Protein chains: 2
Amino acid sequence: MINELNKIMEQAYDAFLEYQLVSGADKKGFLYAIADEIEALGDSLLETASEETNLPVARFAGERMRTCGQLRAFGDLVAEGSWVEAVIDTAIPDRKPLPKPDMRKMTIPIGPIVVFGASNFPLAYSTAGGDTASALASGCPVIVKGHPSHPRTSKLVSSAIHNALEKCRLNKNIFQHVEGDSFEIGKILTQHPLTAGVGFTGSLNGGRAIYNYAQQREVPIPVFSEMGSTNPVILLKDTLNNNAPEIAKAFSGSITMGVGQFCTNPGIMLGIKSSALNHFTSLLALELSLTPSYKMLNGSIHHNYNASLDKVLYDKGVETVYHAHATEELQASPVLARVSGTTFLLNPDLHHEVFGPFSLIVVCDNKKQLVEVWQTLKGQLTTTIMGSNQDLEEHHDLINIARNIAGRIVFNGIPTGVEVSNATVHGGQYPATTDSRFTSVGMDAIKRWVRPICWQDCPEQLLPPELKSDNPLGIFRKVNGQYQR
Amino acid sequence: MINELNKIMEQAYDAFLEYQLVSGADKKGFLYAIADEIEALGDSLLETASEETNLPVARFAGERMRTCGQLRAFGDLVAEGSWVEAVIDTAIPDRKPLPKPDMRKMTIPIGPIVVFGASNFPLAYSTAGGDTASALASGCPVIVKGHPSHPRTSKLVSSAIHNALEKCRLNKNIFQHVEGDSFEIGKILTQHPLTAGVGFTGSLNGGRAIYNYAQQREVPIPVFSEMGSTNPVILLKDTLNNNAPEIAKAFSGSITMGVGQFCTNPGIMLGIKSSALNHFTSLLALELSLTPSYKMLNGSIHHNYNASLDKVLYDKGVETVYHAHATEELQASPVLARVSGTTFLLNPDLHHEVFGPFSLIVVCDNKKQLVEVWQTLKGQLTTTIMGSNQDLEEHHDLINIARNIAGRIVFNGIPTGVEVSNATVHGGQYPATTDSRFTSVGMDAIKRWVRPICWQDCPEQLLPPELKSDNPLGIFRKVNGQYQR
């Protein structure tokens with residue numbers, strides 16, 4: 001196995017030496033071709049994904065749209081070219097006491113990237129998902145360790161990428177797919193000297209293990225593990241008084257979306273005790289009771305969901321508000337529970353993510369306790385504030401607290417359904433991710449796979465096009481401190 | 001000791017909650033005030049630094065200028081404000097199948113930063129040096145662990161920063177200075193739960209130890225250890241034929257600058273065997289012989305220099321070309337040695353940095369071997385190519401190799417004397433630094449202390465000024481994909 005993985009990494013590195021110099025326009029052609037090839041797989045891809053995940057085919061039509069949209073958006077980004085953050089400071093030969101050299105910098109790709117896909121997004125965050133798309137866009141070859149939970153889907157997508165490589169006459173080792181469900185493969189790939197970075201989406205245990213493997217290397221490398229979170233929601237009084245039915249409906253949908261198997265699932269909801277909060281809780285329970293139970297992704301996730309539920313629901317002071325009755329194998333019951341702020345603060349077990357259609361309402365005695373509970377929670381991908389204008393005016397200080405909690409603050413919306421945009425931050429302090437300085441969704445995900453490099457007094461003809469004085473690519477640059485195109 | 005350090009970190013965190021919201025204009029006032037206060041220390045600062053480092057007073061006039069220039073440049077950067085990388089994607093409420101939310105992001109400071117200053121730059125890369133200046137500019141409080149090699153200088157600078165805090169009526173715990181030469185202090189500070197990041201400049205052993213401490217934390221934090229490198233120089237034939245005397249003079253100066261105690265010191269020079277390379281070697285030896293021996297920073301560095309020299313010079317196949325005779329205590333002899341490419345490739349001991357006025361000329365059999373030697377070298381802060389236009393035309397492929405070796409590629413210049421500019425990259429692959437994606441010198445050093453955060457559908461009045469729709473700060477932003485002010 002080691003010999004085979006060695007060969008794969010050597011092939012990836014050789015491919016990197018070529019691929020790092022491929023133009024943005026050509027990379028766009030390649031990324032668009034991948035999207036075309038994925039679409040050309042037709043319904044068989046959607047059906048395979050559905051069979052392997054127990055999620056409906058319709059869901060994969062949406063996920064395919066997201067996947068191909070992402071691929072093409074990264075293609076557009078690199079064809080436009082400004083993403084390399086070119087900065088030019090021209091020479092001042094007569095500066096005193098010393099001449100100022102000509103300094104030009106931009107980012108360049110770092111090398112072969114190992115991607116561990118997510119079980120819950122077999123298309124959008126797996127084989128040709130956000131990590132792969134952003135790494136290929138940056139100029140890094142990718143080695144995907146196929147997820148054992150959806151091997152056939154992964155192979156189909158992998159074949160689409162290989163078709164695209166062939167059509168674009170690119171080195172076939174720019175993308176390689178490794179099968180097998182041994183954890184050892186992940187460790188060897190992460191610790192291989194030719195691996196330059198790792199993208200991981202999954203559990204805290206898995207993500208931290210990969211991170212630790214990387215840090216044990218002689219040469220440390222960046223590891224971007226996105227490991228989910230509880231995505232706390234603050235429910236303020238005035239909005240509960242006025243909009244409880246709509247909010248209950250929206251959050252019932254958010255809690256059960258994808259059978260609760262989203263990393264932005266709202267797992268903890270905080271409010272101050274009041275009849276409005278009680279009323280909202282009843283409405284949310286009612287909405288959940290109208291939601292059928294669906295099957296989870298696999299036996300292991302289903303087992304963990306029930307084990308986590310048992311742990312939380314039988315904890316002292318935790319009251320089950322609603323518990324659906326799942327009858328079929330692998331089905332997950334939507335569950336709503338409630339606990340006092342005081343009990344919650346005393347019991348760190350309640351602070352962990354329960355991966356599935358579950359949420360815990362934390363009833364705080366007063367605003368002081370609500371702030372204390374909120375601040376006690378660890379790093380989060382998102383935090384949501386539900387409040388009318390009056391609520392927000394009265395709780396202005398909550399915004400400043402939100403800054404230090406999560407990567408994204410949602411106002412009067414649901415945290416699930418992450419928009420892929422220029423402004424997306426899908427990241428957050430540990431344990432949400434291992435590196436809160438980057439996002440794994442949205443256009444800036446490409447920044448994870450590059451490093452800056454500076455050319456000092458480089459002859460014009462040897463500069464990369466992004467840094468040539470006449471700006472042949474017409475990209476946006478910072479020249480002598482001024483932003484210009 | 002632990003109680004005291006706990007208190008320091010708690011004070012730093014409390015200061016962070018205030019300081020993170022201080023405006024760019026006010027931070028500029030503070031950074032300028034630090035520069036003013038450092039200048040107000042007058043000659044006593046320069047004399048103290050000279051006494052503690054064995055370097056001449058004149059050197060510290062220059063280093064003070066760099067230090068104060070950096071502080072003011074970071075002040076200007078944050079007062080202008082565009083550095084936060086604001087990105088706005090406005091809502092599309094009628095988008096199908098789902099409405100597009102309003103997403104706005106920018107970077108925010110991460111929290112208290114622990115800085116370990118450099119022994120070789122007691123002003124510019126120590127107490128109020130690049131790490132401190134960039135962290136304070138970003139909105140992070142700083143805890144400096146004073147370098148035991150220049151305690152009085154560090155205390156003087158620390159007092160200047162405290163005077164500036166008082167003048168600007170800022171929380172005095174935005175900057176704290178910890179004395180003591182125990183390594184344990186560094187470990188406790190790095191592993192403290194309230195520490196958000198670490199800046200270190202020094203040896204590979206020290207920098208890696210700090211990095212490892214940080215990775216053992218429950219919550220990993222970014223560590224930027226800048227640990228020096230050998231800064232390989234490629235000497236091409238045509239330029240040696242035409243410019244050997246000038247090049248020898250420039251590199252003799254570069255090798256002995258600051259008694260060779262610069263992290264960008266050219267410790268390895270590569271060429272292909274020729275009479276031109278022989279002639280250059282003789283000229284360089286002659287230039288070095290005209291340079292007096294000076295005292296090194298401290299006994300430990302002096303001891304390590306001599307021990308490293310002994311190891312290299314008595315290695316099989318290494319020829320001493322020039323060895324000055326140092327007579328006084330702590331004096332370092334400038335030394336030039338020579339080895340064949342074949343021997344160099346077989347002996348990894350020769351690849352390590354020798355911290356002091358030393359360089360090793362590696363004489364390669366041919367271009368193939370030169371490329372092999374160059375590629376074998378580990379991560380570097382810089383790599384330099386000396387070549388005429390004709391040389392560079394004939395060796396076009398060398399530029400692409402240089403990209404994968406170092407953070408900065410210098411053409412026909414010396415690597416020492418790092419320009420502080422917008423385009424500076426003072427970084428590079430391990431072991432030059434622990435994180436090649438960032439620079440520790442230049443304006444982008446501020447990016448080490450921030451993380452992005454996204455506001456989704458945030459009411460206008462609650463947005464930070466950088467993200468408000470009417471752009472009250474007039475900063476540069478990317479709005480719906482377009483760069484604009």
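Helix 9 of chain A and helix 10 of chain A are roughly parallel to each other in this predicted model, because angles under 35 degrees count as roughly parallel and helix 9 (residues 237-256) packs against helix 10 (residues 275-289) at an angle of about 25°. The axes of these two helices of chain A lie 8 Å apart, and their crossing is right-handed. Among the residues of helix 9 of chain A that take part are A:Leu240, A:Ala244, A:Ile247 and A:Phe251, which meet a set in helix 10 of chain A including A:Phe280, A:Leu283 and A:Leu284. Sorted by class, the contact of helix 9 of chain A with helix 10 of chain A holds 12 nonpolar, four polar and three charged residues.

The crossing of helix 3 of chain B and helix 6 of chain B is left-handed. Here B:Leu45, B:Thr48, B:Ala49 and B:Glu52 from helix 3 of chain B meet B:Arg152, B:Thr153 and B:Leu156 from helix 6 of chain B, a contact that comprises three nonpolar, two polar and two charged residues.

| Helix pair | Angle | Axis separation |
|---|---|---|
| Helix 9 and helix 10 of chain A | about 25° | 8 Å |

Turning to the domains, the assignment for chain A gives domain 1 (2-227 + 436-484) and domain 2 (233-411). The centres of domain 1 of chain A and domain 2 of chain A, taken over C-alpha atoms, are separated by 35 Å. Eight residues of domain 1 of chain A are in contact with 11 residues of domain 2 of chain A, and the side contributed by domain 1 of chain A divides by class into one nonpolar, six polar and one charged residues.

Chain A also contains an open sheet of five strands, arranged in the order 5-4-3-6-7 with parallel pairing. Strand 5 (175-178) and strand 7 (223-226) of chain A stand at its edges, each with a single partner strand, so that one side of each is left without a neighbour in the sheet. Neighbouring strands of this sheet are turned against each other by 15° on average, direction ignored. Strand 6 (residues 197-201) of chain A is joined to strand 7 of chain A by four bridges, the two strands running parallel, and A:Gly199 has A:Phe224 as its bridge partner in strand 7 of chain A. Helix 1 (residues 2-19) of chain A lies across strand 4 (142-145) and strand 5 of chain A, and runs at about 165° to strand 5 of chain A.

Finally, the contact between the chains takes 54 residues from chain A and 54 residues from chain B. Several elements of chain A each supply at least two residues of the side that touches chain B, including strand 2 (103-109), helix 8 (204-215) and helix 15 (396-403), while the largest share, six residues, comes from strand 17 of chain A. By class, the residues on this side of chain A divide into 28 nonpolar, 15 polar and 11 charged. Strand pairing also links the chains: strand 16 of chain A and strand 17 (residues 450-456) of chain B run parallel and are joined by three bridges, with B:Cys454 in strand 17 of chain B as the bridge partner of A:Arg408.

Conventions
Residues are numbered from 1 along each chain as its sequence is written. Chains are lettered from A and ligands numbered from 1 in the order in which they are written. This is a predicted model: local features need pLDDT of at least 70, side-chain atom pairs count only at pLDDT 80 or more; totals for chains, interfaces and linings use all residues. A crossing is left-handed if the near helix is turned anticlockwise from the far one by less than a right angle, and right-handed if clockwise. Two residues are in contact if their C-beta atoms, placed from the backbone, lie within 7 Å. Ala, Val, Leu, Ile, Met, Phe, Trp, Tyr, Cys and Pro count as nonpolar, Asp, Glu, Lys and Arg as charged, and the others, Gly among them, as polar. Two strands pair if DSSP finds at least two bridges between them. Axes are lines fitted to C-alpha atoms, for helices over the stretch in contact, and angles run from 0 to 180 degrees between N-to-C directions. Domain bounds come from an automatic or database domain assignment. Angles under 35 degrees count as roughly parallel, over 145 as roughly antiparallel, 65 to 115 as roughly perpendicular and the rest as oblique.
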